[in-house]
Amino acid sequence: PFAYSVRFNLSDYVGYVTKYSTNVNGVRSGVWTPGELFGQNFVYKSGGIAQNTSDLENRVLTGTYNYPGYIMYQDLDGDGYINSGNGGFWYSRGDQVTDGFNYPRKSYSFLPSFSWNNISLSAVFEGVMHWKVYSSSHYVFGSSTGAGGVAYFFTPTFKESSDLGYWTPSNTDAFFPALNTGSSLATDQYSLNLAHLRVRNVTI
């Protein structure tokens with residue numbers, strides 16, 4: 001006879017601060033603040049990569065990178081600046097928006113099994129529904145702060161930086177902005193989505 005079974009598991013975790021006696025005012029100074037969620041990401045909304053100087057006109061700039069090829073950020077609160085809010089309070093984020101959590105949320109698994117005529121098949125599937133991180137590491141962006149961080153990108157192995165998907169005047173559709181030695185602000189355009197489903201085991 002043919003027989004089958006399917007099991008499904010789902011788990012989630014979210015933590016938040018109910019009270020913290022040493023920070024009753026809710027200031028973001030490296031301590032917990034009442035109402036704060038654990039591991040929540042705050043990023044800036046990207047306005048895309050500036051293609052030319054006209055893209056930069058009438059735009060709110062960060063004051064750091066204001067040239068074609070660099071990322072433009074959206075001024076969501078309309079104050080004329082790109083910042084993370086005034087006063088350093090956890091609830092005042094300025095132009096930042098929430099962008100998921102930096103740890104796995106809603107982990108799940110399902111385990112199907114089938115048998116027929118003395119032949120059995122079973123498998124284990126595991127996954128995570130929500131998990132996002134932002135990294136300014138040169139292993140992601142190909143650039144880093146400090147001297148010598150990008151030296152290997154200018155070897156004769158590559159004809160130009162556009163070979164690696166970076167913006168240049170001749171490669172304006174590149175995925176990454178212009179190659180530079182500074183870290184960009186965390187933005188939703190380059191958040192890494194780590195949600196996944198994988199086959200953990202198959203047995204016949």
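A residue is called buried when its relative accessible area is under 20%, and exposed when that area is over 50%. In this predicted model, phenylalanine 176 has a relative accessibility of 15% and therefore counts as buried. Over the protein chain, which has 204 residues, 28% count as buried. The accessible surface of the chain comes to about 12600 Å², and carbon and sulfur atoms account for 55% of this area.

The protein chain contains two helices and ten strands. Read from the N terminus, the order of these elements is β-β-β-α-β-β-β-β-β-α-β-β. Contacts between residues at least 6 apart in sequence were also examined, and 61% of them join residues at least 24 apart.

Four strands form an open sheet with antiparallel pairing, in the order β1-β6-β7-β10. The edges of this sheet are β1 (3-11) and β10 (196-203), each of which pairs on one side only. From one strand to the next, the twist averages 10 degrees. Within the sheet, β1 pairs with β6 (residues 105-116) in the antiparallel sense, over nine bridges. Two positions illustrate this pairing. Arginine 7 stands opposite leucine 111 of β6, and tyrosine 4 has phenylalanine 114 in β6 as its bridge partner. The pairing of β6 with β7 is antiparallel and covers nine bridges. Here serine 113 stands opposite serine 122, which belongs to β7.

Strands β6 and β7 make a hairpin with two residues between the strands. Asparagine 117 is found in the loop between β6 and β7 (119-130). Although asparagine 117 is not a glycine, its phi is positive, at about 55 degrees. Asparagine 118 lies in the loop between β6 and β7 and has a positive phi of about 70 degrees, although it is not a glycine. With a relative accessibility of 83%, asparagine 118 lies over the 50% cut-off and so counts as exposed.

Threonine 18 is found in the loop between β1 and β2 (40-44). Because its relative accessibility is 61%, threonine 18 counts as exposed. Threonine 18 and threonine 33 are 15 residues apart along the chain, and their C-alpha atoms are separated by 8.4 Å.

Aromatic side chains were then compared. A pair of aromatic rings is described by two values, the distance of the centres and the angle of the planes. A search of the whole structure finds ten aromatic pairs. One of them joins phenylalanine 101 and tyrosine 103, with 5.7 Å from centre to centre and 65 degrees between the planes. Planes over 60 degrees apart count as edge-to-face, so this pair belongs to that class. Phenylalanine 101 has a relative accessibility of 15% and therefore counts as buried. Tyrosine 103, with a relative accessible area of 15%, is buried as well.

The rings of phenylalanine 176 and tyrosine 190 have their centres 5.8 Å apart and their planes at 10 degrees. Because planes under 30 degrees apart count as stacked, this pair is a stacked one. Phenylalanine 176 lies in the loop between α2 (138-141) and β9 (192-193), and tyrosine 190 lies in the loop between α2 and β9, so the pair ties together parts that are 14 residues apart in sequence. As stated above, phenylalanine 176 is buried. Tyrosine 190 has a relative accessible area of 4%, which means that it is buried too.

Phe2, Tyr4 and Phe114 form one aromatic cluster.

Arginine 93 lies over the face of phenylalanine 42, at 3.6 Å from the ring centre. Arginine 105 lies over the face of phenylalanine 101, at 4.7 Å from the ring centre. The ring of phenylalanine 101 is therefore involved in two arrangements, one with arginine 105 and one with tyrosine 103 in the edge-to-face pair.

Notes
Residues are numbered from 1 along each chain as its sequence is written. This is a predicted model: local features need pLDDT of at least 70, side-chain atom pairs count only at pLDDT 80 or more; totals for chains, interfaces and linings use all residues. Side-chain values use heavy atoms; hydrogens and water are left out. Rings of Phe, Tyr and Trp (its six-membered ring) pair if their centres lie within 6.5 Å; planes under 30 degrees apart count as stacked, over 60 as edge-to-face and the rest as tilted. Buried means under 20% relative accessible area, exposed over 50%, partly exposed in between (1.4 Å probe, protein chains only). A charge sits over a ring if NZ of Lys or CZ of Arg is within 6 Å of the ring centre and within 35 degrees of the ring normal. Two strands pair if DSSP finds at least two bridges between them. Axes are lines fitted to C-alpha atoms, for helices over the stretch in contact, and angles run from 0 to 180 degrees between N-to-C directions. Contact means heavy atoms within 4.5 Å. Accessible areas come from the Shrake-Rupley method with a 1.4 Å probe; for residues, only the protein chains shown count as cover.
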